[in-house]
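Hi,

Here is the structure I promised to pass on. Have a look at it first, and then read my notes below.

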Amino acid sequence: MTLMTIHSTRMLVLGSGPAGLSAAIYGARAGMEPIVVQGIQPGGQLTTTTDVENYPGFAEVIQGPWLMDQMQRQAEHVGARMMWDTVVEVDLSRRPFRLIGDGGDVYEGDTLVISTGAQAKWLGLESEHALKGKGVSACATCDGFFYRGKKVAVIGGGNTAVEEALYLTNHSPEVTLIHRRDTLRAERILQERLHAHPGIRVLWNKEVREFVDGGGNAGLVQIELVDTVTGEISRIDADGGFVAIGHHPATELFRGHVALDEDGYVAVEAGTTRTSVPGVFACGDVADKVYRQAITAAGTGCMAALDAERFLQAEEFAHATSADEDMAIAAE
Ligand SMILES: Cc1cc2nc3c(=O)[nH]c(=O)nc-3n(C[C@H](O)[C@H](O)[C@H](O)COP(=O)(O)OP(=O)(O)OC[C@H]3O[C@@H](n4cnc5c(N)ncnc54)[C@H](O)[C@@H]3O)c2cc1C
């Protein structure tokens with residue numbers, strides 16, 4: 001017989017990236033004794049990278065895994081509890097909200113913070129995998145600075161790809177946008193900016209066949225392309241290759257339970273972390289298709305904890321007031 005354990009808290013946090021851990025820090029300091037279910041990637045996406053130069057508070061370059069270890073320790077130090085489990089089922093139809101872990105443990109929360117993140121989509125090439133962090137990236141804001149003065153290429157044709165190409169012109173004298181069709185999907189205004197920029201060239205009807213490793217410590221040196229119309233093979237020089245073909249928000253678990261937007265991100269009320277279900281809040285990349293940074297994830301994590309705390313306060317006040325009214329009516 002398997003024994004099921006029930007873990008209960010006033011604030012349940014799903015996900016242990018910068019958003020979830022920041023929510024946990026603020027939630028613990030507000031006395032909500034949060035439980036964080038860490039998921040398959042404790043520490044989140046930043047544990048997959050090395051140098052982080054844009055998280056405020058550190059004059060020197062820091063390492064992603066180190067930063068996340070510090071965040072987790074800080075959350076534990078102020079009283080958050082970490083659970084190494086992955087949630088496979090949710091019931092948000094009544095409170096406390098009930099989530100089930102893959103070993104059968106039950107997590108109950110008076111409030112729930114969803115911070116399950118989003119994963120970049122990749123092309124799926126072996127060479128892409130081998131050169132991740134050695135020239136191949138999925139985030140120009142994160143890594144563009146490391147390619148100052150170098151040749152870079154962006155792969156994609158939507159808003160993100162065009163924005164990344166424009167962003168990279170801040171650092172790189174030669175930006176190439178590689179797109180497999182002959183028209184872009186990006187908004188017209190972005191396309192106009194792209195075409196007007198002298199530092200960007202577009203290669204139409206080209207698919208990446210291989211990211212070419214220069215050997216030794218060289219990392220990426222070239223990108224091999226195939227023409228989608230003629231089949232012709234060609235190569236361009238590139239020190240950085242940015243794959244910008246979209247992200248998958250980790251929201252499958254919540255489909256049908258919480259409102260998602262047209263791209264599958266958790267829909268939140270503007271300027272808050274409130275979702276369609278009262279008492280459920282969302283923060284970080286799972287609700288953000290624009291900024292997708294550790295600092296914005298941490299910032300919205302803080303907001304989620306404050307929103308959750310205010311939600312419980314308001315509810316407790318409403319209960320206390322209605323109990324007083326009941327007593328007054330009974331006394332009449
Ligand atoms: C290679 C790389 C380099 C980057 N570099 C930078 C950088 O230099 N600077 C910067 O600001 N940003 C950088 N980013 C972006 C940054 O990492 C993200 O914006 C940030 O991590 C988002 O935080 P998050 O908490 O929303 O989600 P994530 O970090 O994605 O964390 C999601 C969490 O949810 C958990 N989870 C998912 N599903 C479940 C489930 N079913 N049950 C329980 N838990 C679950 C996961 O285990 C994980 O802990 C980089 C990203 C990558 C991939």
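Let's start with the ligand: the shell around it divides into 12 nonpolar, 17 polar and 2 charged residues. For these classes, Ala, Val, Leu, Ile, Met, Phe, Trp, Tyr, Cys and Pro count as nonpolar, Asp, Glu, Lys and Arg as charged, and the others, Gly among them, as polar.

Before going on, a word on the model: it is predicted, so local features need pLDDT of at least 70 and side-chain atom pairs count only at pLDDT 80 or more, while totals for chains, interfaces and linings use all residues. Residues are numbered from 1 along each chain as its sequence is written, and side-chain values use heavy atoms, with hydrogens and water left out.

Back to the ligand. Of the 31 residues around it, Gln38, Gln41, Gln45, Asn54 and Asp285 come nearest (a residue is near if one of its heavy atoms lies within 4 Å). Asn54 has a side-chain N or O atom 2.8 Å from a nitrogen atom of the ligand. On the backbone side, an N or O atom of Ala294 lies 2.8 Å from a ligand oxygen, and a polar backbone atom of Ile40 is 3.4 Å from an oxygen atom of the ligand. (A polar contact is a pair of N or O atoms within 3.5 Å; within protein, one must be able to donate a hydrogen and the other to accept it, and residues adjacent in sequence count only if both atoms are side-chain atoms.) The ligand taken alone exposes 1,000 Å², and the protein buries 89% of that (Shrake-Rupley areas with a 1.4 Å probe; for residues, only the protein chains shown count as cover). Helix H1 (18-29) and helix H7 (294-331) are the elements that give two or more residues to this shell (helices, H or I, have at least four residues and strands, E, at least two; both are DSSP runs numbered from the N terminus).

On a 1 Å grid over the protein atoms alone, a cavity is a set of points where a 1.4 Å probe fits but cannot get out, and a pocket is an open set with protein on both sides within 12 Å along at least five of seven lines; lining residues have an atom within 4 Å of a point. Points are joined across faces, edges and corners, and a volume is the space filled by probe spheres set on them.

The second largest pocket has a volume of about 270 Å³. Its lining has 14 residues, with Leu123, Ile155, Arg180, Glu207 and Ile245 nearest the centre. Strand E14 (residues 206-213) gives the most to that lining, 3 residues. There is also 1 cavity of 30 Å³ or more. The largest cavity has a volume of about 50 Å³, and among its lining residues are Lys121, Glu164, Ile245 and His247.

Arg95 and Pro96 are joined by a cis peptide bond, with omega about 0°; Pro96 sits in the loop between strand E6 (87-91) and strand E7 (97-101). Asn205 is not a glycine, yet has a positive phi of about 50°, and lies in the loop between strand E13 (200-203) and E14.

Cheers
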